[in-house]
Amino acid sequence: MSEGRGFRWAPTSTRMLAGTVVSAVAVIATITSISVPWPTLEREPLSVSAVPAPSASVLACTGGLMIIGRDLEDAAGIASATQQSVVSGVVDGAPQPDEVRLEAASVDEGEGPVALTAAPDGRSRTDVAAAGSSSVRADDIAGYAASACRPPLLESWLVGGSGATGAADLVVLANPGSVAATVQLTVYGAEGAAVPAGGEAVVVAPGTQRVIPLSGLALGEERPVLRVTAAGAPVQASLQTSITRVLEPGGADQVGPVVGPETVQVVEGLRVSAASEAGTDAAGVVRVVSPSRDAVAAVTVTAVGESVAAHSAQDVPLTAGVPTEVALGDLPEGLYTVRIEADAPVVSGAWQVTGFDAGDDFAWYAPAPAVASPSLFAVPAGAPASLVLSNLSDEDIVVTLERIGGDAREVAVPGGGSAAVRLRTQALYLLDPGEASVRAGVSLAEDGALAGYPVWPADAAAPPITVYP
């Protein structure tokens, strides 16, 4: 019996010992695998860089000046006061844009604004530019207006106008696309931001222009700023402003959109005339709002071609969502650049008047975005025009300005300074900043006529995208 038990014990002990050894080896292997790096194989995922096919370039113009309440039997009716003369084109050799007129669904006795569509040139987007002007002298509206035709946007801002007594301002929404747009209008006023009943879910049918009286959105607001957001399709937003003082029309203008808030905004080409100081009204003001939070903005006004500010920078405290205005003070006759710097993103605009008598005019100037690539712009008919250029860098730069169908010239812009050149009206220009970045604005002025608008950068070609098969 004992031999039998011994015979059975030996294999069992052998198995126990083998198991112990295997376990120890496993523990050692595990510790070693953790502490000693294993060889690795790195392989970049297969990818292909592709450039999407460029889309067509689309612009919509503001159309002619309009007037509300001309028909005594329809006090809320909007009528055409005058048509708009448009100058448009592309660079030499590019496909010419198709031109259509949008239906002016809200306006009586007038044709709608022009919309332009330029097809791509092969694999390149076609740069197209257009601008229009209107001039009217009537008992209920008088003034000169000039504006650039702009691409429709999903979000834009309108800085200007008033909902106070004497103003007859209009919000103009154009949809050059083939799909309906639903627009929300947010008004920033004395009580902050609000969406009025008339600004909620505004439908703009495809191929149409819709006009909404500002008084229906911001009645009594003296310093409104509007945010325009669209869904379904982008829209081109603008603001027509006109005023009557003691039964005398005091000017008219068309205000273009501001793309979005920035911490630095530059208004180019504000024109001060010799007769712009009169009465108790401010001859020039800057309106600014910080949509997101309380901030402080510094406003500096510098004469074009000068390096010293026209007067000391003004610090302007801003309450979030509440527009504020600051007077520009007594400025000698000339062209000026207005720089607004804030510690939070802001939107802004500047207003200037030629005077406060019958036959005078005013203009709203929108800030100019940075132009860092060759960009086309148009100059409409009417008042003599100038191009104002600002260089925010410390280095001197030279930009090239070419009139399409004419000569090219180089313009030196000093670091931190500005320069101005005369332009031909009813002409098309190409602005090439080379390797630099520049801000530019078109300023138009003569006795009883004032207008201006910024030069926008050309729509960049679609950037390459990376595709992972």
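Two strands are said to pair if DSSP finds at least two bridges between them. Helices (H or I, at least four residues) and strands (E, at least two) are themselves DSSP runs, numbered from the N terminus. The model is a predicted one, in which local features need pLDDT of at least 70 and side-chain atom pairs count only at pLDDT 80 or more, while totals for chains, interfaces and linings use all residues. Residues are numbered from 1 along each chain as its sequence is written, and side-chain values use heavy atoms, with hydrogens and water left out.

On these terms the protein has one helix and 36 strands. Of its 469 residues, 49% count as buried, where buried means under 20% relative accessible area, exposed over 50%, and partly exposed in between (1.4 Å probe, protein chains only). The accessible surface comes to about 21700 Å², and carbon and sulfur atoms account for 54% of that surface; such areas come from the Shrake-Rupley method with a 1.4 Å probe, and for residues only the protein chains shown count as cover. A contact requires heavy atoms within 4.5 Å. Among contacts between residues at least 6 apart in sequence, 77% join residues at least 24 apart.

The strands may be considered next. Strands of a sheet pair through backbone hydrogen bonds, either parallel or antiparallel. Valine 172 has serine 238 in β19 as its bridge partner.

Strand β23 (residues 295–303) is mostly covered, with eight of its nine residues buried. Six bridges join β23 to strand β24 (residues 311–318), and the two run antiparallel; here valine 299 has glutamine 314 in β24 as its bridge partner. β23 also pairs with strand β26 (residues 334–353), in the antiparallel sense and over seven bridges.

What does the side chain of glutamine 352 meet? One of its polar atoms lies 3.1 Å from the backbone oxygen of alanine 283. A polar contact is a pair of N or O atoms within 3.5 Å; within protein, one must be able to donate a hydrogen and the other to accept it, and residues adjacent in sequence count only if both atoms are side-chain atoms. Serine 443, in strand β34 (residues 439–446), is likewise buried, with a relative accessible area of 3%. Its side chain reaches the backbone oxygen of glycine 269 at 2.8 Å. Leaving aside neighbours within four places in sequence, the contacts of serine 443 include Gly269, Arg271, Leu335 and Pro384.

Aromatic rings provide further links. Rings of Phe, Tyr and Trp (its six-membered ring) pair if their centres lie within 6.5 Å; planes under 30 degrees apart count as stacked, over 60 as edge-to-face and the rest as tilted. By this rule there are three aromatic pairs. One of them, tryptophan 157 with tyrosine 188, is tilted, at 5.4 Å centre to centre and 40 degrees between the planes. Tryptophan 157 lies in strand β12 (residues 155–159) and tyrosine 188 in strand β14 (residues 181–189), so the pair ties together parts that are 31 residues apart in sequence. Tryptophan 157 is buried at 3% relative accessible area, and tyrosine 188 is buried at 6%. Phenylalanine 377 and tyrosine 429 form a stacked pair, 5.6 Å centre to centre with 15 degrees between the planes. This pair links distant parts of the chain, with phenylalanine 377 in strand β28 (residues 375–379) and tyrosine 429 in strand β33 (residues 427–432), 52 residues apart. Both phenylalanine 377 and tyrosine 429 are buried.

The loops supply two backbone details. Most residues other than glycine have a negative phi. Alanine 201, in the loop between β15 (192–194) and β16 (202–204), has a positive phi near 55 degrees and is partly exposed at 46% relative accessible area. Leucine 247, in the loop between β19 (236–245) and β20 (248–255), has a positive phi near 70 degrees and is exposed at 75%.
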